[in-house]
Amino acid sequence: MVVRGTSTFAQPAKKQLPNIVFIIVDDLGWRDVGYKGNNYFETPNIDKLSKEGMVFNFAYANAPNCAPTRAALMSGQYGPRTGIYTVGTSERGDAKNRKLIPVVNKTVLAANEYTLPEALKARGYVTGMFGKWHLGDSTGTSPEGQGFDVNVGGGMAGSPESYFSPYHNPHIKDGKDGEELTERLTSEAISFVDQNKAKPFFLYLPFYAVHVPLQSTPDLIAKYTAKPTTEERHNPTYAGLIETVDTQIGRLLTHLKENGLTENTIIVFTSDNGGFWGSTSTAPLRGSKGMVYEGGIRIPLIVKWPGKIQAGSASNEPVLSMDFYPTFLAITGAKVPAGKILDGENILPVLNQSGSLTKRNLYWHVPVYLEAPKGMNQIWRQTPASVVRKSDWKLIETFEDNTIELYNLKEDEYEQHNLAETYPDKAKELLNDLQQWRKNLNAFVPSQPNPQYQAKK
Ligand SMILES: [Ca+2]
């Protein structure tokens, strides 16, 4: 019998909806954290978080660099739908070295894109972002235009001009000289929590750290200069940046605890691409930021939700940045307009260990050129390519010479043995999947020769 006037709905009341805190550290490599066995960098707060939630061993960024991953996170879609494939122009490097004409890249997420913060806001969430946006800076495409009630620091910039005030950032008022940016963004986030703790809130905390320019305080640089280093991890300034991020995450989590918000808050900790070659090492994975090998796309990921996600658990399920959009819809009951396409999958069954995901392929489409950083001793980090991961298999199709690489990630996590000729049927199967996926999404494939190209003699 239904009694009128009493609440018998399964849908949680708005004040019972879980808060969401989404922390994304820029360019943080998959092993730049203590809980992954790194003993040069010190991340005690992040390590503690890893014991309180679920750690993902095969979390992937949607792209090997910043803007396209953020576009996927906010839109819930693959690159061919948003048109955001890279940072800035796709015609990086020297024209005479580019065999093909790459895709024309978009740098702004379309104003009419129904974003994750818009969906959560419509569900009754207060939404705030503190840090790097990188997806637009005009009416409709700024953080405010895409669903954030509060924005501190977010515009088109992909990196800070300085980690110390004055920041020269039009979206954040300078503090006293020498104030540190990561600490300031965290203070702003804490104020946001204080002002909105009675309501459900979505706190998006995309730190500018640990992206270049590498800057830290003299005491932290001195501390890490004095530490024994390894061949791969030797940059004390980068280590200082990481420690500052960790300290500030600890401060935020303590603040949530002191305000009784720990139990009803989901915490996500992740990165937007693999570690940057100039700052850190992704070894023993192959490649680094900007490349489609595992080192360029594998990222740390922890999700904590007391009572719902088992503390100290781990998952080998491959997941992508864009999976959080449908996951948060499932958790909160937020809705999207009819016709809105979401390419990701709700990973709640993995998080609460109630089931498994569909047998899906993961795709990356990078029809762009990305030059190698100075000192890397190669021309390109990445030439136009496409990738599919199917179960333990990963196929990379590179368009300049139509080369195919096939790796078995279970046997060969470090992508050392190209099995394309050993298993031609498997290569064909994955290539067919990849080509069909590109066709379904009407993805641009570079094929026009670049008239400026000069073949090497
Ligand atoms: Ca990045």
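Buried or exposed: which is E294, and what is its relative accessible area?

A: E294 is buried, with a relative accessible area of 0% (buried is under 20%, exposed over 50%, partly exposed in between, using a 1.4 Å probe on protein chains only). Bear in mind that this is a predicted model, where local features need pLDDT of at least 70 and side-chain atom pairs pLDDT 80 or more, while totals for chains, interfaces and linings use all residues. Numbering runs from 1 along each chain as its sequence is written, and side-chain values use heavy atoms, leaving out hydrogens and water.

E294 belongs to helix α8 and K394 to strand β16 (residues 393-398), so the pair ties together parts that are 100 residues apart in sequence (DSSP runs, H or I of at least four residues for helices and E of at least two for strands, numbered from the N terminus). K394 counts as buried too, because its relative accessible area is 1%.

R389 is buried but has no salt bridge; D392, the nearest side chain of opposite charge, is 4.1 Å away (Lys and Arg count as positive, Asp and Glu as negative, with His and chain ends not counted). What R389 does have is a polar contact of 2.8 Å between its side chain and that of Y60 (N or O atoms within 3.5 Å, one able to donate a hydrogen and the other to accept it within protein; sequence neighbours count only if both are side-chain atoms).

Elsewhere, the whole structure has 27 salt bridges. One of them joins D272 and R70 at 2.9 Å between the closest N and O atoms. D272 is in the loop between β7 and α8 (294-297), R70 is in helix α2 (residues 66-75), and the two are 202 residues apart. Both D272 and R70 are buried. E179 and R184 form another, at 3.0 Å from N to O, and R184 is buried with a relative accessible area of 12%.

Definitions and conventions. A salt bridge is a side-chain nitrogen of Lys or Arg within 4 Å of a carboxyl oxygen of Asp or Glu.
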